[in-house]
Amino acid sequence: MELTKLLQSINIIAKKNIQDNITINKLAYHSSEVEPNTLFVCILGFKTDGHHYAEVAVKNGAPALVVERFIEDIDVPQFLVADGREALARLSDRFYDHPSRDMRLFGVTGTNGKTTITYMTDAVFEAHGLDTGMIGTIMVKSKDKKIPSVLTTPESLDLQKYFNNMRSEGVSHVSMEVSSSALALKRTENVAFDVAAFTNIHRDHIELHGSFEAYYNAKASFIRQAPKSSIALLNIDEGLLENLTNETEAQVVSFGIENDAGHFHVTDIDMSNGLPSFTVTQKYPIKSLTHKQIQLKPFRIHLSVPGFYSIYNALTAIITGLVNDIPLSVVTNGIENFKGVERRFQILYEKDFMVIDDLFLNEDNIDAGMNALKEMDFNTIHFVHAVRGNRGVDVNRENAVRMAERFPELNITNITLTASRSHVGELDYVSDDETATIMDVMEDQNIAVDFHDELHDALESVIKRIRPNDILLITGAHGMDHGARITFELLKENKIGIDQKAIEKMLKSKTIGMEEMDTLDVS
């Protein structure tokens, strides 16, 4: 592609060392990815500055640079922009010829539930026989091809490359997680979302934004900037989200359980067996993406995944299916046959005892998991938790307090804690202060703590105590990503009569933590 045509997609403030007739065959923001005829875009990272690698990029063959400040002693053309990340996003979209415009794209933001919602939506799309793609925390999927994720929402160049590959492979519908950091860092700039959902907002990732207000505004921008041709889905049980109904040009479709003022309202919830069933009533007509009117009679849904929070997740996926002109019978079939997602209150083993894996990332996530456990029949819960590293004392204290408050409801009087030293990278390293904070909270609540530096040792100490009808609950963020694999390795070694076939089947189905060290998601 001619450089002059490519540069038409961005706002250039100034130019330096201009040359004519430059052909660009590739874009890059890492100097190691540069080869001849690569346009190198200098962006500011969390730990480094791309401008420091411009000289290396030129030596590797970059004929031009996009910069936020001119770089001395480099003779190739330089194009000055106000925001390198925004420029990268716009250039990437133009370089790959706007691939997201050629498919139906569903995006969801929210503190909790993004991964599950994208999997649910993908299940609805697949139930309709569509060729689907998915981008999120666990993996990037294009039809039957799957690769582990690096970021929840990829950097803009990588994201557009994924879209381009999906388009080439015939994908028609994509479900995507949209993180707050991706929105703040312009990774989704120029991405053509057809449906944009904002499902909940709670205190989390504040350290990435500086304040809750900044965190909220980053997520709210997803709805505020949604175009008139798109549909915005809002959970109006969340007051802050209800306020957004008048702050977007998109067609707003709202839903709620407690708040009955939206387009869809849930009633008659039955949680008696731990798996929610409920009635959905559509109160006001809506239009699909092809402008067909939708007005449905009340319908009943029976979920195959536990937890009250699953109702909100399911509602988001149901409405997304409907506005994509998928018949209600197909939507219902896709939702009701959905069996869950890795590490989201995932029942890993269910024979004479149970193994359950959950994240416990924040207070709401903890409450959701505890509420689901209360609906279950068990003798003893053996609780192993990986401290959430690099989130600070305040977040870990809040989570510890919420867990300690809920433990008496489940007769939990002692827990096992780990820093997972060998299974986290620098971005998730647990400080002594973070560990001490949790220990102090538990001591105040008379909860005994058995602490281990290593995840393997923590799990090994507990597995030996498991008896019939017990639950082994393993929780935590990246520190517990390898927990399932290590748990099953230990179970095979230590438990006589364990169902080996069930374990092997579960391990084959897993993506997270199956390598000795996964690339970590820092978004």
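Reader: What makes Gly110 count as buried?
Author: In this predicted model, Gly110 has a relative accessibility of 0%, and buried means under 20% relative accessible area, with exposed over 50% and partly exposed in between (1.4 Å probe, protein chains only); Gly110 therefore counts as buried. Residues are numbered from 1 along each chain as its sequence is written, and side-chain values use heavy atoms, with hydrogens and water left out. Because the model is predicted, local features need pLDDT of at least 70 and side-chain atom pairs count only at pLDDT 80 or more, whereas totals for chains, interfaces and linings use all residues.

Reader: Where does Gly110 lie, and which residues does Gly110 touch?
Author: Gly110 sits in the loop between strand S6 (104-109) and helix H4 (114-127), where helices (H or I, at least four residues) and strands (E, at least two) are DSSP runs numbered from the N terminus. Leaving out residues up to four places away in sequence, Gly110 touches Phe198, Thr199, Asn200 and Lys219, a contact being heavy atoms within 4.5 Å.

Reader: Why is Asn313 called buried?
Author: The relative accessible area of Asn313 is 6%, which lies under the cut-off already given, so Asn313 is buried. Asn313 belongs to helix H10 (residues 309-323) and, apart from neighbours within four places in sequence, is in contact with Gly113, Thr116, Ile117 and Met120.

Reader: How do you know that S1 and strand S5 pair?
Author: Two strands pair if DSSP finds at least two bridges between them, and S1 and strand S5 (residues 78-80) have 3 bridges, in the antiparallel sense.

Reader: What makes strand S1 (14-16) and strand S2 (26-28) edge strands?
Author: The open sheet has 5 strands in the order S1-S5-S4-S3-S2, with mixed pairing, and strand S1 and strand S2 each pair on one side only.

Reader: Which domains does the assignment give?
Author: Domain bounds come from an automatic or database domain assignment, which gives domain 1 (3-96), domain 2 (99-337) and domain 3 (346-509). The C-alpha centres of domain 1 and domain 3 are 46 Å apart.

Reader: Over which residues does pLDDT stay under 50?
Author: On the scale of pLDDT, the predictor's confidence in each residue from 0 to 100, residues 516-523 stay under 50, while the protein chain has a mean of 93 and 97% of its residues reach 70 or more.
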